[in-house]
Amino acid sequence: MKSFRLATIFAAGLLLAPGHSFAQELSGPQVVRTLGRLQGGAPGIDIALLMEEAAASAGKGVAALPDWQKLSKLSQLIVEIDFENNSIAIEPKSYRTVGMIADALHHPNLRRYKFLVVGHTSSTGDAKHNLDLSQKRANAITEALSTTFAIAPDRLFAIGVGEEWLVDPSNPQAADNRRVQLVNLGLVK
């Protein structure tokens with residue numbers, strides 16, 4: 001089975017220590033196991049509220065806000081998906097990764113869950129532009145998953161946070177900061 005470079009971030013790792021990346025080679029079954037780890041019931045997440053807070057906090061940070069901290073309790077995975085510069089066009093080489101994500105979301109262990117796709121950017125450009133671009137990129141991933149790979153659209157939610165959670169804060173313009181994060185939001189109701 002082919003492995004892809006993905007970074008796994010467990011629970012508090014993303015929100016409480018955004019400067020640390022845990023890159024490793026993962027297979028499809030490992031993606032299923034990582035995204036399937038839920039500690040008890042998932043807390044209620046209000047996507048509209050998260051979007052409002054992200055828009056109001058562009059350039060100021062959102063990780064410390066209580067509604068955003070709820071995400072730290074959920075199973076999540078950071079995925080490197082390349083986009084054309086300043087664009088929402090997914091690079092052809094990244095469609096393999098998107099396909100692997102789709103395969104995992106079709107797996108029987110994950111089929112009953114809904115997911116938040118969080119788009120991130122580096123700090124190149126201004127904060128408002130990066131917020132908008134990250135939202136459009138998260139939308140592009142959810143659209144690819146639902147149209148090309150037949151993931152039910154009611155299982156996918158997209159949000160962009162721009163440059164608010166840098167993986168490499170010592171190098172805010174680094175390509176590693178441009179990524180997509182998948183968060184298991186719990187059971188589809």
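Helices H2 and H5 cross in a right-handed manner, where right-handed means that the near helix is turned clockwise from the far one by less than a right angle. This is a predicted model, in which local features need pLDDT of at least 70 and side-chain atom pairs count only at pLDDT 80 or more, while totals for chains, interfaces and linings use all residues. Residues are numbered from 1 along each chain as its sequence is written, and side-chain values use heavy atoms, leaving out hydrogens and water.

Let's stay with the helix pair. H2 covers residues 28-35, and its axis runs 9 Å from that of H5 at an angle of about 55°. On the H2 side, Gly28, Val31, Val32 and Leu35 meet Met100, Ala104 and Leu105 of H5. These residues divide into six nonpolar, one polar and no charged.

Now for two single residues, both buried (under 20% relative accessible area, 1.4 Å probe, protein chains only):

| Residue | Relative accessible area |
|---|---|
| Ser87 | 18% |
| Thr97 | 8% |

Thr97 belongs to H5. Its C-alpha is 8.0 Å from that of Glu80, although 17 residues separate Thr97 and Glu80 in sequence.

Ser87 sits in the loop between strand E3 (76-79) and helix H5 (95-106). A polar atom of the Ser87 side chain is 2.9 Å from the backbone nitrogen of Ala89. Beyond its neighbours within four places in sequence, Ser87 is in contact (heavy atoms within 4.5 Å) with Leu133 and Arg137.

Note on methods
Helices (H or I, at least four residues) and strands (E, at least two) are DSSP runs, numbered from the N terminus. Buried means under 20% relative accessible area, exposed over 50%, partly exposed in between (1.4 Å probe, protein chains only). A polar contact is a pair of N or O atoms within 3.5 Å; within protein, one must be able to donate a hydrogen and the other to accept it, and residues adjacent in sequence count only if both atoms are side-chain atoms. Axes are lines fitted to C-alpha atoms, for helices over the stretch in contact, and angles run from 0 to 180 degrees between N-to-C directions. Ala, Val, Leu, Ile, Met, Phe, Trp, Tyr, Cys and Pro count as nonpolar, Asp, Glu, Lys and Arg as charged, and the others, Gly among them, as polar.
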